[in-house]
Each structure stands twice: as structure tokens, then as C-alpha cells.
Amino acid sequence: QFVISCVDGNLVTEKVVRHGSTTGKNARAMTQRELDAEQQRRQKAAAMAIRMAENMIRITDKDGNEIQKVTKNDTHKQQHQQQQQQLNNNNTSINKTEIDAIVEECEQNKTRGNEAFAAGEYAQA
């Protein structure tokens with residue numbers, strides 16, 4: 001099924017992708033262009049609703065002073081930066097032989113765990 005419509009002063013023939021945005025007597029055929037426009041409109045409305053909600057919510061201390069909001073994403077970024085800094089600090093104090101020894105120990109533990117699992121000793125694995 002196709003629909004002919006006027007877009008920017010031109011007649012355009014487009015294939016119907018979905019047979020309506022609603023049900024009942026108000027149902028109408030929609031093209032991909034119309035679906036894309038509807039999706040953009042909904043995304044803008046959702047973004048505006050989030051902004052409005054964030055502006056409505058104010059976190060204050062007991063004296064009424066506003067406290068800066070910290071999001072989960074901010075917390076993860078801070079933790080990642082702290083971990084990277086710790087790694088950089090630790091790398092200066094560990095040499096290659098110590099790193100190789102740690103890797104070797106991990107490999108041995110992995111092998112013992114696999115052997116225990118294969119033997120049915122699940123608690124030891």
C-alpha cells in the first residue's frame with residue numbers, strides 16, 4: 001500500500017510502513033518518514049521532561065544551601081580515575097619479575113581449580 005502526500009510543496013508517493021498510530025476510527029497509514037518524525041518528536045519531549053524534572057528537584061542541606069547533584073555515571077568516572085591513579089602509582093613499585101610471579105601463581109590456581117572441578121570437588125573449584 002502506498003500513500004501520496006504533499007511534502008514541502010511536492011507530491012510524494014511513499015510506502016506505508018505501519019497502518020496507524022492509533023486504533024479505531026482515527027487510525028491512519030504512516031510512512032517511514034512520518035514514523036521517524038514521530039520518534040524525533042518523542043525523543044525531544046522525553047529530553048525536555050527529564051530536564052524539567054531535574055530542575056524541579058533540588059537537594060539542600062539543613063541550612064537550605066543547594067548541594068551539587070552526583071549521578072551514578074559521575075561516581076563511576078571518579079572510581080575509574082582513582083583506580084587508574086592507584087595502578088599508575090603501584091606500577092612504579094612493582095617490577096616485571098614480581099608481575100610474572102603473580103601471573104604464574106594465578107595460572108597455577110586456575111589449573112588446580114579446573115582439576116578440582118573435573119574431579120567433582122565443586123567446593124574446592
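E34 turns out to be buried in this predicted model. Its relative accessible area comes to 19%, and since buried means under 20%, that value falls on the buried side of the cut-off. E34 belongs to helix α1, which spans residues 32-56. Leaving aside residues up to four places away in sequence, E34 touches R28 and A29.

Next comes the sheet. Here 3 strands line up in the order β1-β2-β3, giving an open sheet with antiparallel pairing. The edges are taken by β1 and β3, each of which pairs on one side only. In general, strands of a sheet are held in pairs through backbone hydrogen bonds, and the pairing can be either parallel or antiparallel. For β2 and β3, the antiparallel pairing runs over 2 bridges. A look at the residues involved picks out V16, whose bridge partner in β3 is T31. The strand β3 itself covers residues 30-31.

That leaves the loop between β1 and β2, where D8 sits. The strands on either side of this loop are β1, with residues 2-7, and β2, with residues 10-18. The backbone of D8 has a positive phi of about 55°, even though D8 is not a glycine.

Definitions and conventions. Residues are numbered from 1 along each chain as its sequence is written. This is a predicted model: local features need pLDDT of at least 70, side-chain atom pairs count only at pLDDT 80 or more; totals for chains, interfaces and linings use all residues. Side-chain values use heavy atoms; hydrogens and water are left out. Helices (H or I, at least four residues) and strands (E, at least two) are DSSP runs, numbered from the N terminus. Two strands pair if DSSP finds at least two bridges between them. Buried means under 20% relative accessible area, exposed over 50%, partly exposed in between (1.4 Å probe, protein chains only). Contact means heavy atoms within 4.5 Å.
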